[in-house]
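Reader: I have just opened this model and would like to be walked through it. Could you take me through a few of its parts?

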Amino acid sequence: MSGPLLRAEDLVRELDELKPFWDGQWSLERYLKAFDESGVLRPVYRVHLPERYAFHLAAKNGLESEVTLEEKEILQFERLDQLLGEWHGGFGDPEAPDLFDQLPPELTGMIRRSSADERVLWSDWERVVSYHDGRPLTRQFVFSFYGEWHRLRFWALLEAYTFRALMDPRTLHPQQVFDPAWDRDTRGRLMTSTVGNPRILRLVELLEADDWLMLLYLIRDVISWGEMRVQEPHLARWAGGEPMTIEDRAASETVRVRERCQLLGKRWLNDRGSFLSRLRLLVELSSHASEATAARFGSAIEQDLRAAVRWAGFIYGDEFAALDRDLGPDPRHRQTLGAVLRPTWTAARNVGGRHVPEFVEAFAREVKVLTMDPSESGQFLDFLNAQELSAWQLEFAGLVAELQSPSDTSWDRRFLHIRSMANLVEPVLVALADQYGTPADRLRMKRGDLKDPLKAFLADRTGDWRARLWQIVSENWELANTIDRTLPERLDEVSAASWEPELTVLARTILTFAVVRNFGSHRFTREAALLVKYQGQLFRAVVWTPLLYWKLATSLG
């Protein structure tokens, strides 16, 4: 197996598009030649064409030559051009029994696998085809094909072999470096020097072990091909899939792709720890790419990580959250899988992990009819994630950010986040009713008025204080009406109301939430004085209300 391939010039072209820049394609070709001849970066295949192909290439480049090709040679070489242009290894049929190694029959005998111990001199594969001002011009007749995964090794080598130095101004002037002979003797002329980061190269070597990195690129093609079969069966030449529904195609392809992923990953089927260690290496490599300001390589590594996560899902059935938890932070940079692939989500979860416990502690101090421990905040956030309600955490983190470091749009965004958190309470209630509620609770979620969903876990729980709490809320529901009262008036009325001491705090919380929800459904405010004065009351209501119902559902039912 070889997987998707790149011609040497394509590999160089891709590296030239990446940051940091490496002096253009011509220089990169020289670096690739040095890496190949030294044995640190060998292609997968070399295609050895007839030597006279070099003169055909010269003619294509517009160079005059004393050698005249025969007509049959020209036709042969034009056919070889076509074959080389069409052959990209992994662009064969990913469903084929031999996976990707489908060598063009007409190139049989010309394609040879490279080896680590072969002697390589690119000059042996070039011929002088012309002269310019007495200088010989050469063209090649042997072409190298690298794996797409070799981009990482190429970048790692460039980083590892980079040499930086500070010249001594007393002995060397910057203009002198343009002299080709300036570096023949640097003793006493450099004040200090550093080399690149060898850790990056070591990480790539570990990823390449047992062909894991190469197989990852096969997996990317297998999954991509499966997605095409689902979406466009006619383009994938899947006649049997065309009359099927897209749901049936997806189910069929999931089974087939899982089997192929397990076949490619059979070495790690019973060694999940070893497989996860490769993901941890990719996470660390991503950190190094960030430090090296290699933005495009950071993006490429993210794509590799996403493919590896999907591979793990097909092999082990792992969800992203489980992988993130089991991997933990890499030991060097403390970076996590979530921070690389879901940075906004992970940052929001971290903000929630730091600040939601503060709301739980305040809840535990003021609410006497329920017992809640700060450690339960993590369970609450896990529930939101499991129900795909992490948007609540994103809004929570956004509000905290505006309070801690106000932006120029802070007053707009503060109420925007509060309103969004209030609007997300109802989906939380629906998820709780589905998982923990009674048929009556679930029926209440289907009614349009806000008041009905809030009855869940309260109104018909007559065995304790919950039914009385709902009676208070229901009898005072007019306080949530913001049509004929301003928002500050309603908030003041709710905060001034009192009932049984043990239930007053909870009743005020639910009614304040209802005020925010009803007001925010039709109106908006960016009034600074209002948002400052009522900040605590508003923030607490949109956090405590889902916390209250989550606690009721999970502990009392």
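Reader: To start with the sheet, in what order do its four strands lie, and is the pairing parallel or antiparallel?

Author: First a word on the source: this is a predicted model, in which local features need pLDDT of at least 70 and side-chain atom pairs count only at pLDDT 80 or more, while totals for chains, interfaces and linings use all residues. Residues are numbered from 1 along each chain as its sequence is written, and side-chain values use heavy atoms, with hydrogens and water left out. As for the sheet, it is open, its four strands come in the order β1-β6-β2-β3, and the pairing is antiparallel. Strands (E, at least two residues) and helices (H or I, at least four) are DSSP runs numbered from the N terminus, and two strands pair if DSSP finds at least two bridges between them.

Reader: Which strands stand at the edges?

Author: Those are β1 (5-7) and β3 (111-113), each of which has a single partner strand, so one side of each is left without a neighbour in the sheet. On average, neighbouring strands here are turned by 30 degrees against each other, with direction ignored; the axes are lines fitted to C-alpha atoms, for helices over the stretch in contact, and angles run from 0 to 180 degrees between N-to-C directions.

Reader: And what packs on that sheet?

Author: Helix α1 (residues 8-16) does, touching β1 and β6, and its direction makes about 90 degrees with that of β1. Those two strands, β1 and β6 (residues 142-147), pair in the antiparallel sense over three bridges, and L6 stands opposite Y146 in β6.

Reader: Changing topic, how many bridges join β4 to β5?

Author: Six bridges join β4 (residues 126-132) to β5 (residues 135-140), and the two strands run antiparallel. E126 has Q140 in β5 as its bridge partner, and in the hairpin, where two residues lie between the strands, D133 takes a positive phi near 55 degrees.

Reader: Now R153, is it buried or exposed?

Author: R153, which belongs to helix α5 (residues 150-160), is buried, with a relative accessible area of 12%; buried means under 20%, exposed over 50% and partly exposed in between, using a 1.4 Å probe and protein chains only.

Reader: What does its side chain join up with?

Author: The side chains of R153 and E208 are joined by a polar contact of 2.8 Å. That term stands for a pair of N or O atoms within 3.5 Å; within protein, one must be able to donate a hydrogen and the other to accept it, and residues adjacent in sequence count only if both atoms are side-chain atoms. Leaving aside neighbours within four places in sequence, R153 is in contact (heavy atoms within 4.5 Å) with V40, L41, L201, V204, E205 and E208.

Reader: How many residues has the largest nonpolar core?

Author: It has 88 residues, and F154 and W212 are among those with the most contacts inside it; such a core is a set of buried Ala, Val, Leu, Ile, Met, Phe, Trp, Tyr and Cys residues joined through side-chain atoms within 4.5 Å. Apart from it lies another core of 75 residues, including A348 and W465.

Reader: Last one, how many residues of α7 are buried?

Author: In α7, 14 of the 20 residues are buried, so this helix is largely enclosed by the rest of the structure.
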